[in-house]
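Subject: Structure for you to look at

Hello,

Here is the structure I promised. Please open it first, then read my notes below.

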Amino acid sequence: MLDTVYRDFGTGYVPRWHADIIDPGAAYLAPARHTLLVAVDAEGAVVATAALDSRGPAHPPNPPQVAERFPSGETAQVRRVYVRPEHRRRGLAGRLVDELMVFARADGGYRAVYLHTDPTVPGAEGFWRSLGKVVHDEREDAGGGQGIVHFEIPMGR
């Protein structure tokens, strides 16, 4: 996951945004309502990840109406869906998200599934549009906000 923030996002590691990728066990495996999925190749190398947690989007940095719509505890937030470039276009991300949705429904306490994406990451916006609906596009805000696109994936997906 860490190499993705450098390669695909171009931001590098930013502690306030990426602390969970330094200790994914504490972030996604220890809490009962969280999970982390990992796909490995035949040699055992990690080729894709996907995570889910019960923390809704915080304001700031997210717009207040997004934080209000998706409160923590009631919202399953999809995070860290990354596929290494050489393994893309094989359906891995879709399969991982399908499994996250199974996990969210089985939990019984989530009423919504939320995620946000940086549309400058190649393929990200189109992928998420194929699975959910846009609930807020910061590029349409005065000043462009952070340029982030916020989505909701239907629970019944």
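In which strand is Arg 80 found? Arg 80 sits in strand S3, residues 75–83. Strands here are DSSP runs of E with at least two residues; helices are DSSP runs of H or I with at least four; both are numbered from the N terminus.

Two notes on the source. This is a predicted model, where local features need pLDDT of at least 70, side-chain atom pairs count only at pLDDT 80 or more, and totals for chains, interfaces and linings use all residues. Residues are numbered from 1 along each chain as its sequence is written, and side-chain values use heavy atoms, with hydrogens and water left out.

Now the backbone. Start with phi. Arg 80 is not a glycine, yet its phi is positive, about 55 degrees. Arg 80 counts as buried, at 12% relative accessibility. Buried means under 20% relative accessible area, exposed over 50%, and partly exposed in between (1.4 Å probe, protein chains only).

Arg 89 also deserves a look. Its phi is positive too, near 70 degrees, and Arg 89 is a residue other than glycine. Arg 89 lies in the loop between S3 and helix H5 (92–107). Arg 89 is exposed, with a relative accessible area of 81%.

Next, the prolines. Pro 60 lies in the loop between strand S2 (46–53) and helix H4 (64–69). Pro 61 is found in the loop between S2 and H4. The peptide bond from His 59 to Pro 60 is cis, with omega near -15 degrees. The bond joining Pro 60 and Pro 61 is a cis peptide bond, with omega about 15 degrees.

Best wishes
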